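Hi everyone, thanks for coming along today. I'd like to walk you through one protein model, slowly and in plain words.

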Protein chains: 2
Amino acid sequence: MEMCVKKYKKLDDNDVKFLVDLLGEERVFTGENINDDYSHDELGGVSKYPDAMVEVSNAQEVSKIMAYAYKNNIPVVARGSGTGLVGSSVPIEGGIMINLTKMNNILELDEENLTLTLEPGVLLMDIAKFVESHDLFYPPDPGEKSATIGGNVSTNAGGMRAVKYGVTRDYVRGLEVVLPNGAILEFGGKIVKNSSGYSLKDLICGSEGTLGIITKIILKLLPLPKKSISLLIPFPNLDKAISTVPKIIKSKSVPTAIEFMQREVILAAEEFLGKKFPDNSSDAYLLLTFDGNSKEQIEADYEKVADICLKEGALDVYISDTDERKESVWSARGAFLEAVKATTTDMDECDVVVPRNRVAEFVKYTNDLQKQFNIRIRSFGHAGDGNIHVYILKDKLSDEEWNKKLSDIFDCMYKKSEDLEGAVSGEHGIGYAKKKYIFRQYGDEYMKLMKNIKLAFDPKNILNPDKVCE
Amino acid sequence: MEMCVKKYKKLDDNDVKFLVDLLGEERVFTGENINDDYSHDELGGVSKYPDAMVEVSNAQEVSKIMAYAYKNNIPVVARGSGTGLVGSSVPIEGGIMINLTKMNNILELDEENLTLTLEPGVLLMDIAKFVESHDLFYPPDPGEKSATIGGNVSTNAGGMRAVKYGVTRDYVRGLEVVLPNGAILEFGGKIVKNSSGYSLKDLICGSEGTLGIITKIILKLLPLPKKSISLLIPFPNLDKAISTVPKIIKSKSVPTAIEFMQREVILAAEEFLGKKFPDNSSDAYLLLTFDGNSKEQIEADYEKVADICLKEGALDVYISDTDERKESVWSARGAFLEAVKATTTDMDECDVVVPRNRVAEFVKYTNDLQKQFNIRIRSFGHAGDGNIHVYILKDKLSDEEWNKKLSDIFDCMYKKSEDLEGAVSGEHGIGYAKKKYIFRQYGDEYMKLMKNIKLAFDPKNILNPDKVCE
C-alpha cells in the first residue's frame, strides 16, 4: 500500500496564476509578501515558508485548490491561528498554505438541537462569548483562547474542564471536510447518535490536518451551568498536592477542573501579569472548580473535597465564589505558559498524559531530571485528567548544549510516560516535533496502520506531509 | 488500493486440525455440531453457517487463529451474544466463527481512574450489576441487556440515556484489538485525554467487527447518581407528544432519557408481560427520566418539564419516584421489541436517527406509509436523541408480497431520513442488511474512503467480509 510520492512539483508561475485567477491577487501571497508568522507555529526551531499562502473564504475554494494540487502533486498545508506547539502547520515541503482564518463566521445556533454550526476560523474566545450570551455552554476550555476551532478540532484539544466534560472530540457532532482530491464530504451532522459505518468524523478529529481540510463544524452545546466556584488549596509540597487527586476522583465528587501549580510558576505569572495571586506562600497548590445548577450540590461536593484535601495535608482552603476572585486565580493560570516563556531564552514542552493516579510519579520524575541534567524544568497542568505540561528551559545554554540536553531529557520523559501507561500527547498533538516518540511507543505494526489510513485519504501524500505518522 | 481477494480458501481437515491443536476438541465445532443459533443473529432472512465455530479464551488464541486465517485466506467472523439486528455477525462467506462469549471476565475496577477493564464477552446486565454494587455507573443503556460489551462497542450501541450521557463510544477509553494479520495492538488506555495520532480506538468503535477483533475493553465510569425519577406523560396524540421534545431540549433541562410510545405498543407489552402498564388510556406517551444527586435539582428540572408538557397539551403527568413504580414503567418499555414481535409472523426494523426536532415529521411519515402500503407499522424509541425504531410487520403477507413491500417501505423511509438530514443507523449498525442505504446516502467518494480504511486494516478482506462498506 506504499504509494507515497515524495517528488513534489515546485510551485511555478502557472500555479500562482491558477491561484490568482481563483481568489484574486489580494488573497494570494508569495515570496517576500508572506509574513514571517506563516513559516512557523509556536514551536521553536522548526520553520519553513510556503511557496504561496492563500486566504480562502469557502469550501468550494478549498476544494478547487485541493483538486488542482492533487492533479499537479503540490503539497498543501491548512493553517488557523498558528498557535500549535508541535509544528503541525509548518509547511515542511513548501507548496501551498491555505489560511482559513477568514472563514470565521458563526453560521447557525440551533437551540432545538443544541448545536452550533460554524466555520473553522472562528476563535475559541468568540465561541465562548457567543454561546454564553444565549445561556449555553461549549465546555472544552484549552488555555489558548486565540486558537481557531478548526485547530482545536484538528488536535482534539482538551483544556481545563476535561475532568468533568471531556475533550473537543466529545463536542464535535459533524464536520464538512475537503479531501486531498478536492471532494467535499460531510461526516456526522446534527444527529446525536450514529452507527452508520466507520466514524470518519472521529478520525478527522485529532488528525492534525493530514487527512482532510475542515471547512465546517457542528458543535454540541450544553445548557450553561448556573453556578461555579473555585477552590485554591495550598499544600506543603507538590507530592502531597498531586497525590490527593486520585483520592478526590475516588470520592466520587466530580470537579470541573483540577489543576496543579507550583510556587515558582505562580511567581513568574505575578511578574508577567504585574498582579498578585491570592496566595504565594506555599510550595504547591491545587486549583479546583465545581459547577452546576444547584448551590447545595456544589457546596456538598466541594465540602467533601475540601475535607479530603485537609486530611491529606492541605494547609488551607481558599474559596473563590465571586467572579472577581475567580478571575484573579484563573487569569494567572491562563498566563502560565507565557509567563514561564518570559523567564528564559527559549523553551520546549512535553505534553504527556498518564493515568490520573500516576501524575505524582511523573512530576516527581521530571523534578529529578532537573537536578540530573542541571537545567530548569517547570511543569503545571491538568492533574485531574493526567495531562501534564512540562517545560524545559534553555536559559543560558548554547544551542549545541541545549539541543543535546533537550533530546536526552525528552527521551527520558517519554520513556517514563510509556512505563506509566501514558501517551505522548494529551492535547497538543504529534505534528512534526513528536513523531519520533510515537514511533517508539507504538511500534511498527501500529504506525503502519496509521500510515495506511493516511494513504486511504491521501494516496499521493500531498496534504500536510511529514506529520504525525511519516 | 483495491486489493480485495474474493476467492477464499474453503476450510479443510488440515485447517480444522490446526484449530483443534490450538484449542482442544471441546472448543471446536464443525458441521452438524454447530448450533443453529450461530447461523444468524436477530435479523430474519439472512442465515449462513460457519465452517467451524470456535470458543476462545484469550487474545493469544484469537491472534493465532487470525494469523493462520490471514496466511491461508480464510474468512473469519467474531461473535458475541448474537443479539444484532442487521446481520453483522452472520458468516456470509463461511469460514471460521470466533465465539468470544467465554471471554467474559471483569478484569479490574480501578477506582482511582474510574475505569473498568473487561473482556469482550461480559454481558451488559452484568456490568450494570457489578459497577452499581460499587456505587459507580456505566451510563450506556441499550435495551438488549444480554448483549455483550464487545458487541455494544462494535455497533457503538446507544440506548435510552444518550440524551444526557452519550453513547458507548463516549465511555470507551481503551481497546485491545487483534488485527486481521494476527497482531495484537492497544488503542487508548486508562488515559483521559489523547492526541497521539489518529484515534484508532474511535475507528474500531462502531466498525462491526470488520477492522479487528476486540479482546479487551477499558470503560470509563461515572459516580452513580444518587436519585432518579421517571415521568410518564400522556398526550392526546403522538404528534403533540413528539413535538414537545424540542421544546424540552430548548428549555435547557437535561433529562436522562426521553422515550415516546403509542397505545398499541403499550397494549402489546401488557399482553406480552401479562401485567398492566400504569396507564393505557391515551393515544401517546412520553416517558422521561431525570437523575442527579440533589432532590432539589431533579425536582426543579422535572417541574419545569412537566409545565412545558402541560402547556403543550399533555393530559396529565404521572410521577414514578419509587423503584417499584419505575420498574413497572421501564420493564414495559424494555419489552416493546419482543412484545411487538409476538404479535406478528415476522418483522424487520429501521433504526434511523434524525435531528431531534425532526422526529415528529419522521414518525408522522411512517404512519402515513402504514395506510399507503396497507401494512402494520409500529414505532417507538428515543425521542430525546432522535433515534427511532420503526418495525414493519409481516402479519399474513406471503413471502413474496412481504419482500416487495418491505423493500419499497425501506426505500421510502431511508429516503425520508436523508431528506431530514438523518442517518441510516442510530445504534443498530449497517451490517449486511443496511448496506444499500448507506451507499445511496453517502455516495461513491465517501464509501470508497470507508473501503480504503477497511483495506488499511484488512488488505486481504478476510475479517467479516461483505459487511458495512462492501
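I'll begin with some ground rules, then go through the model piece by piece.

This is a predicted model, in which local features need pLDDT of at least 70 and side-chain atom pairs count only at pLDDT 80 or more, while totals for chains, interfaces and linings use all residues. Residues are numbered from 1 along each chain as its sequence is written, chains are lettered from A and ligands numbered from 1 in the order in which they are written, and side-chain values use heavy atoms, with hydrogens and water left out.

Let's start with a sheet in chain A. Helices (H or I, at least four residues) and strands (E, at least two) are DSSP runs, numbered from the N terminus. Two strands pair if DSSP finds at least two bridges between them. In general, strands of a sheet pair through backbone hydrogen bonds, either parallel or antiparallel.

In what order do the four strands of the open sheet in chain A come? The order is β1-β2-β4-β3, and the pairing is mixed. At the edges sit β1 (28-30) and β3 (76-79) of chain A, each pairing on one side only. From one strand to the next, the twist averages 20°.

Inside that sheet, β2 (residues 52-55) and β4 (residues 96-99) of chain A run parallel and are joined by four bridges. If you want to find one of them, look at A:Ala52, whose bridge partner in β4(A) is A:Ile96.

Angles here run from 0 to 180 degrees between N-to-C directions, and axes are lines fitted to C-alpha atoms, for helices over the stretch in contact. Helix α1 (residues 13-23) of chain A lies across β1, β2 and β4 of chain A, at about 155° to β1(A). Helix α2 (residues 59-72) of chain A also packs on the sheet. It touches β2, β3 and β4 of chain A, and its direction makes about 170° with that of β4(A). Contact, by the way, means heavy atoms within 4.5 Å.

Next, strand β6 (residues 115-118) of chain A. Buried means under 20% relative accessible area, exposed over 50%, and partly exposed in between, using a 1.4 Å probe and protein chains only.

Strand β5 (residues 106-110) of chain A runs antiparallel to β6(A), with four bridges joining them. A:Asp110 has A:Thr115 as its bridge partner in β6(A). The hairpin of β5(A) and β6(A) has four residues between the strands, and A:Leu114 there takes a positive phi near 50°. β6(A) also pairs, in the antiparallel sense and over four bridges, with strand β10 (residues 213-220) of chain A. There, A:Thr115 is partnered by A:Lys220 of β10(A).

Now for helix α14 (residues 399-419) of chain A. Its 21 residues reach 30 Å from first C-alpha to last, close to the 30 Å expected at 1.5 Å a residue; the expected span is 1.5 Å times one less than the number of residues. Its buried residues include A:Trp402, A:Leu406 and A:Phe410. The buried residues of α14(A) pack against β16 (347-350), α13 (359-373), β17 (376-382), β18 (387-393) and α15 (435-457) of chain A. After the helix comes A:Glu421, with a positive phi near 60°.

Over to chain B. Helices α7 (residues 238-250) and α9 (residues 295-311) of chain B pack at about 145°, with their axes 10 Å apart.

My last stop is B:Cys469, in the segment after α13 (435-457) of chain B. Why does B:Cys469 count as buried? Because its relative accessibility is 3%. Leaving out residues up to four places away in sequence, B:Cys469 touches A:Tyr198, B:Phe439, B:Met447, B:Met450, B:Lys451 and B:Lys454.
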